[in-house]
Amino acid sequence: MTFKLTVLALSLGLSVVAANAQTLDLGPDSTGYQRFLLYPHLERGFDAMARGDRSIALSEFEQAHVLAPDNPVVTMHLAQAYRRFGEPARAQAVLREQLNRNPGNKRLTQALADLRGATPKPEHAAAPAPATAPLPETALTPPATPSQRPGHAVAQTEPSAQPLSRAERASRQSPPIRKTRPLTAAAKRANAAYAFADKAYKASARGEHAAAVVSARAALRLVPQSIPYRSLLVYELSETGELEEADAVASQVPPQAIGSTDELTARQKMIRQHIAFKYFDLANQAGQSDEALQASRKGVEYAPDLLAHRLQLVGLLMQAQQWPQAVQSATDALDALGSQPALRVLRAYALQRQGQRTLAEADLDSALEGSDPKAGDQQNFRLMAADAALAAGEPRKALNLLESQRFVQGSEQSVASRRKLAFRAYMRSATANGAGSQAWLMPKVICVGKDFSAWCEVWPGENPPDPGYAAADEAYKAYGARNHEVAIAKARQAVQLSPANAPYRLLLVNALMASGRLDLADNQASEFVDTYGKEGEMLALRSRIRQRLGQSALAAADAESALQTGSLSVAGEAGMLLLLERKQEARERFDTALHDGDLADQPELDTAYLAVQVGADDAALTAFNRASSTESLPDTALQDAAYAAGRLGRNEESVSYFKRAIDAADAGQLPLTPQEVFNARRSVADRTRKGGVYGSLTYRGISTSGLSLNPGATNSTLQTGLEAYWRPLGYGDGRLVELYGGLLGTLYSKEKGPVGASTVQGTLGARVKPLAQANLVLALERRLAIGSQAQTDWLARVGYSWDKGLDLRVDTPAWWSAQVYAEAGRFIKAKQNYATFEAQAGRSFRLDDIHPKLVVFPHVVFGADRNTGYLPGKQQAVGAGVGVNMRYWFNEDKYTAPRSYWDASLQYRARISGDDRAKGIFFRLTLAY
């Protein structure tokens, strides 16, 4: 289905076909697929003919004729075009040829007669016509939105001759019928190509992409100008992982191909980005080698508009000391991408290494002006500009750079060492020896990638080399692989070697948190803050640790301090504001950053999760969808996207993401527990429900699964009810509207009250669940008397229920369960009020030996009711006791948890106060479907 929608629908113009299917009839023998191929050519032909564009009109109708050489309607449109542009002889020729193919066709006969300006002869009398000249080999073309629809009137340039009378036509002698002329070579190729394309499509629909590749190649080989066949082959090659070949095929569009290549271009761009990431990853792994350089160049070749690939290549050229090449590569990247501060810094280094200090200084100044003063990038750029000034013998400028910017806490060691060097150099400038200079430490390009997303940052060079770097690198890799023990050990080693390095300490603290060692994480964070001062990210991290430890006051103090540093990222600020319960400020900070483009360069997934944190589900879903459209949404994010869509009431999207998560879990690509898969299936079942049926049989009790079918029915009667309901607005975001109707009746009465048909009562009503997160239900219904003892009345009521552990579980055979149900109502005409309450608590057991969907729930119960319809002194009853429920779940499939159940409950209660109806046996049988 994916291929059908993306390749056929987009490439062949389903929207055009749908719009014109009723205005242009190609005859009963034309297939749907053939119509898809023909309509775009006919549309463009009509449009061109209306404009008087002879070349395009004839070309389009001739292409349609090649695709359907046996179709009389297409031939008549081609003949009309020839006649319109002054070539009646060619018009007659194609009509005669088609009449030979379709002897006896009255429309062709009449058209030929009109064209000759004579009375039409019987079809078999048509004179033999010379074969039309072979049309040029043409390709199928993608759709163009026409300005003229088929069937619009087109001005005739030659008047039609009046037809002869029937008697005159009958007097003509019919010559012998000619044999049908053979298909042209072009038509044969078109028919064969169509058959191969159809075979490829069917193989693709079955998931047999390798077979589809073979057929698609054959189709394109026959009609190489066909954009749809080319798109088909590119799609199938990408499905089989042959990305380079798919890219090559997409690039080989011949100049004579007709129509838009937008869909093909978009698919090729995605394929090229995936290929580029492969080379990006290869370059990362190859280290400082020719192989790394070659791979990085290939990455730039395939994804020239992505900054990370450009930075990686320039960084590798600098490591290889290929300075002119590094300058040229950076210049090419700036020309392609516009002003990028990180690229300017790298080009500045390469320029200065070649003695071009003035140009280097201009690049550095531009980088500082173009970067966010609050961002860590500008701090890095300022340090590198100071390094460049020191290397150029300009200590005064270096001191200005180091003093005019407030650096993030924790970087004092790097800043202080540079200030010391700059001050010494400045002091030496008064001597005869001059200021002196030192080597500019080469900036480091740090590149990482995951899920086809590449990312590079530029950091200042370090002198001496960071002793903890190697250990930290291993720690980062272990942390990413969730190997927390290794991450902790390596991070400790990195911290011991570089104790002032804030990122290493942050890594250690995060690894300790991930392993659940909160006290140790708090100690490490505190040690760093006490020694090196208030670093924003470390304070924010310690705040989250203390919140998890239950130290709310200390957590809040750290959050305030972190915000005051002014060095937090947007995500960090939002997190601290949320911790301080300043939700509106957090949302405003996010909205501002989104509006100002501050989040444009970060991965869509990061934006999505930040949006979820601040409650911006609309922005979150947009980011999730963008990541999904570029195939960069990891399977681990599918359920988060589903829940975001669900909170917005966009249940089709939510269900789609849940189903993808279930498929990923089944394929072993998403590590979900069986219970997590079940929960996803439960979400699908809830969000796809449009209605249902409730049935109940109760003795001295109420239903606890929603508004009771028999409100106030706590006396000693056996009552039954059946109800059907419908949700006209669907599930929404959990706020529901239901319309319902049903029947109620009494089967037995201990007090010898009316029973049987005379008690039957109908109900029609509407109820609403106004809160998404609370099961509060308001209802208004009309009670209609059907039996002679029933009453017609209005009933207004409200119900509330809460439960925990009542759903089926697949992760454990036994679990604690509880439920509470309360309801109150008033019969308007009878002026009767009632209220009921019931609470149950116990433990559920899955009876796997009998059936895995059968659950027994022994419990204790407390119940109370009040009904003003009873005699004084008997209106209230309170009791408690024990009971057992047995529930059988059914009606499920791969994507939905069981949507229906039978539930039987038997209880015995002792009276606590009030009427005796509070004690004795209570029984109910419920069907929810």
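Analyst: What follows is a short talk through some local features of this structure. The model is predicted, so to speak of local features we need pLDDT of at least 70, side-chain atom pairs count only at pLDDT 80 or more, and totals for chains, interfaces and linings use all residues. Residues are numbered from 1 along each chain as its sequence is written, and side-chain values use heavy atoms, with hydrogens and water left out.

User: How many aromatic pairs are there?

Analyst: The count comes to 13 aromatic pairs, where rings of Phe, Tyr and Trp (its six-membered ring) pair if their centres lie within 6.5 Å, and planes under 30 degrees apart count as stacked, over 60 as edge-to-face and the rest as tilted. In the pair of Tyr-888 and Phe-890 the centres are 6.0 Å apart and the planes lie at 15°, so this pair is stacked.

User: Which aromatic cluster does Tyr-888 belong to?

Analyst: Tyr-888 forms one aromatic cluster with Phe-890 and Tyr-929. Tyr-888 is partly exposed at 31% relative accessibility, and Phe-890 is partly exposed at 22%, given that buried means under 20% relative accessible area, exposed over 50%, and partly exposed in between (1.4 Å probe, protein chains only).

User: Switching to cysteines, what does Cys-447 join to?

Analyst: Cys-447 is joined to Cys-456 by a disulfide, with S to S at 2.1 Å, and the structure holds one disulfide (a pair of cysteine sulfur atoms within 2.5 Å). The torsion about the S-S bond is about 110°, so the disulfide is right-handed.

User: And are Cys-447 and Cys-456 buried or exposed?

Analyst: Both Cys-447 and Cys-456 are buried.

User: Now helix α28, which of its residues are buried?

Analyst: In α28 (residues 570-579) the buried residues are Val-570, Gly-572, Ala-574, Gly-575, Met-576 and Leu-577; helices (H or I, at least four residues) and strands (E, at least two) are DSSP runs, numbered from the N terminus. Their cover includes α26 (536-548), α27 (552-565), α29 (583-596) and α30 (604-614), and just after α28, Glu-581 takes a positive phi of about 60°.

User: Last one, where is Ser-716?

Analyst: Ser-716 lies in the loop between β3 (691-699) and β4 (717-726), and Ser-716 is buried, with a relative accessible area of 8%. Leaving aside neighbours within four places in sequence, Ser-716 is in contact (heavy atoms within 4.5 Å) with Tyr-699, Arg-700, Tyr-748, Ser-749 and Lys-750.
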